[in-house]
Amino acid sequence: MKLKGKVWKYGDDINTDVIFPGKYTYTISDPEEMAKHSLEDLDPAFASGVSKGDIIVAGKNFGCGSSREQAATCLKYAGVGAVVAKSFSRIFFRNAINAGLPLIQSADAPDNIKPGEVITIDFEKGKLTCEQGVFTFPPLPEEVMGILQSGGLIPYTRKLLGTE
Amino acid sequence: MGKTIVEKIIARHCREEVTPGKVVWVDIDLRTARDFGGANVVENFRRNYPEDRVADAAKTFFTFDCVVPANNIPYANNQQICRDFAQQQGIKVSDVDQGIGSHILIDKGLCLPGYIAVGTDSHLNLLGALGALGQGMGDVDIAFAFRTGKTWFEVPETIKVVVKGKLFPPLSPKDLTLAILKRLGSKGALGKSIEFYGEAMDSLGLDGRITLASMVTEMGGIAGFITPNQEVLDYCRARSGREKIEAVVADPDAHYCQTIEIDIAGLKPQISLPYQPSKVVDVEEAKGERVNSIFLGSCTNGRWEDFKVVASILKGRRVYEGVMFKAVPSTREVYGRLLKEGLSEALFDAGVILTSSGCGGCASGQVGMTGEGEVQLSTGNRNFKGKQGAGRTFLVSPATAAVSALNGKITSPDKV
């Protein structure tokens, strides 16, 4: 699995409330509609400017805060191809994988990536290439790759159960 | 190399080599959904697996505990959606009269040492009190678990916490828990499992173990385990009707990513200041602040032992005039025992508002919500802004709640 995309760069502790505004939690449930509000309070230019396959690069503890699954779902439906961060909150990590949104954890890469540049990620080889050079990361566990390649936990289950 | 408790539990459920960091598929013994989240689980299930049956109805449960009985239409609807689905699928419902789901799993003998349980409750990891692995998860995850009986799980590293010293009255398991939370902080165990050891642990009863294990979430941890003692094993035996109950015990050469020693000699009663559970100080440092209301209950401190302590302090006395003392037993069983053993009378005479069981205000439920400017002492586990209403919530032990209720202001139980 490889990905090439433009970078949207953010800082540390990007919490689920700014990824998907809490005020919409109980009012918007359509994923396409949710995507239109992704990162609205942090970066109003994001939702209208993001293209399919773009990559979010952030600092520590991305996805901290509530356990709401919408935070992962809205980024997925906004077309985000992957999130690269120094670390992720555990619940967001789980929700993102279940939604079919790949995550890369790298302590060094984020500080070396500029907003707007185009980077490539090779998931199997664990390589991220940006203007500053090549960074390696431990490839995601096989089981997690299986879920991601199916497009998320639900399609993966259908495969597992042989109903698709 | 030897294995920690969480590694052993996971290994028994996935039949492959288990090491920290590895993601494995595990078979789940129990999967639950409560009235918060339950309807979404049903919707997820119906959308993604239409016409399908759950993997095993006998291992699947709805446990209503958040707003019980429902006092608004959305909750009433959600509970009914779950009941209808349960009936179609042959799933048991622990309904609005029964109490907190995680406690039901323990008290009905459904969860046993070494089991894995998942549900929509972020404090399901309190099953660590039995040496079982409980995990709160999102709706998609739980719908998946209902359908397949499995989940994927990343094996966590384990921190060993060794507590030196003993607990003496009026110190309670809650004071010990808050002292550990103070030391670890809100991110101290982020993504990790904890094992608790030491003399104070060995002598903790089941209710005290539940108090400690329930607040590992506030330490950032995945789950915390206390190796079952004879009392816990006997309880599980009696409740499940099974003769053979075995504890999962860590190997002597198990690998821990960190070992933390905490000496509780000289420990004073503890209190969490608004709005962070980990913002813990001695009760003495907060003493004198006027108290408007008390909330006794929650999955952390809503059990028999908690009510017994409070009743012994309030018996023959009267709560300070103007203080609302709201008491919500964790389960119907605790509620019944209070009625039948006369404690409810002592509480009533002292001015306590005693209601039927559930999570109460700790889950923004019926009893225990605060208004702006209201100061509340809660025996619950979270005091985030807005969590239990608009007021300022302090977290305390049942004993601190009771003596403060009598004085109308925050009071340390070792000073009365």
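Helices here are DSSP runs of H or I with at least four residues, strands are runs of E with at least two, and both are numbered from the N terminus. With that in hand, select Asp54(A), which sits in the loop between helix H3 (46-49) and strand E2 (55-58) of chain A.

Before zooming in, two bits of housekeeping. This is a predicted model, where local features need pLDDT of at least 70, side-chain atom pairs count only at pLDDT 80 or more, and totals for chains, interfaces and linings use all residues. Residues are numbered from 1 along each chain as its sequence is written, and chains are lettered from A and ligands numbered from 1 in the order in which they are written.

**Stop 1: around Asp54(A)**

Is Asp54(A) buried or exposed? Asp54(A) is buried, with 20 other C-beta atoms within 10 Å. The cut-offs: 20 or more other C-beta atoms within 10 Å of a residue's own make it buried, 12 or fewer make it exposed, and anything in between is partly exposed, with C-beta atoms placed from the backbone. Leaving out residues up to four places away in sequence, Asp54(A) touches Gly5(A), Lys6(A), Trp8(A), Gly79(A), Val80(A) and Gly81(A). Contact here means C-beta atoms, placed from the backbone, within 7 Å.

**Stop 2: Leu39(A)**

Step back to the loop between helix H2 (31-35) and H3 of chain A, where you'll find Leu39(A). Its phi is near 55°, a positive value in a residue other than glycine. Leu39(A) counts as buried, with 24 C-beta neighbours inside 10 Å.

**Stop 3: a helix pair in chain A**

Select helix H4 (residues 70-77) and helix H5 (residues 90-99) of chain A: their axes come within 8 Å and cross at roughly 40°. Axes are lines fitted to C-alpha atoms, for helices over the stretch in contact, and angles run from 0 to 180 degrees between N-to-C directions. H4(A) and H5(A) are therefore oblique to each other; angles under 35 degrees count as roughly parallel, over 145 as roughly antiparallel, 65 to 115 as roughly perpendicular and the rest as oblique. Show the side chains of Ala71(A), Ala72(A), Thr73(A) and Lys76(A) in H4(A), which meet Phe92(A), Asn95(A), Ala96(A) and Ala99(A) in H5(A).

**Stop 4: zoom out on chain A**

Chain A has seven helices and seven strands, in the order β-α-α-α-β-α-β-α-β-β-β-β-α-α along the sequence. Its C-alpha atoms fill a box of roughly 40 × 40 × 25 Å along the principal axes. Buried residues account for 41% of its 164 residues.

**Stop 5: over to chain B**

Chain B brings 15 helices and 18 strands. Its C-alpha trace spans about 55 × 50 × 40 Å along its principal axes, and 57% of its 416 residues are buried.

Where does chain B meet chain A? Fifteen residues of chain B are in contact with 12 residues of chain A. Strand E1 (23-27) and helix H5 (139-148) of chain B are the elements that give two or more residues to that side of chain B. H5(B) has the largest share, six residues.

**Stop 6: H5(B) and its partner**

Among the residues making the contact are Asn44(B) and Phe45(B) of H2(B), and Ala143(B) and Phe146(B) of H5(B).

**Stop 7: Glu51(B)**

Glu51(B) is in the loop between H2 and strand E3 (60-63) of chain B. Its phi is near 75°, a positive value in a residue other than glycine. With 6 C-beta neighbours inside 10 Å, Glu51(B) counts as exposed.

**Stop 8: two cis peptides**

Which residue is joined to Pro169(B) by a cis peptide bond? Pro170(B) is, with omega about 5°; Pro170(B) lies in the loop between strand E8 (158-164) and helix H6 (173-184) of chain B. Then jump to Pro274(B) and Tyr275(B), also joined by a cis peptide bond, with omega about 0°. Tyr275(B) is in the loop between strand E12 (270-272) and strand E13 (280-282) of chain B.

**Last stop: H12(B)**

Finish at helix H12 (residues 304-314) of chain B, whose buried residues include Phe307(B), Val310(B) and Leu314(B). Just after H12(B), Gly316(B) takes a positive phi of about 75°.

Key. Contact = placed C-beta atoms within 7 Å.
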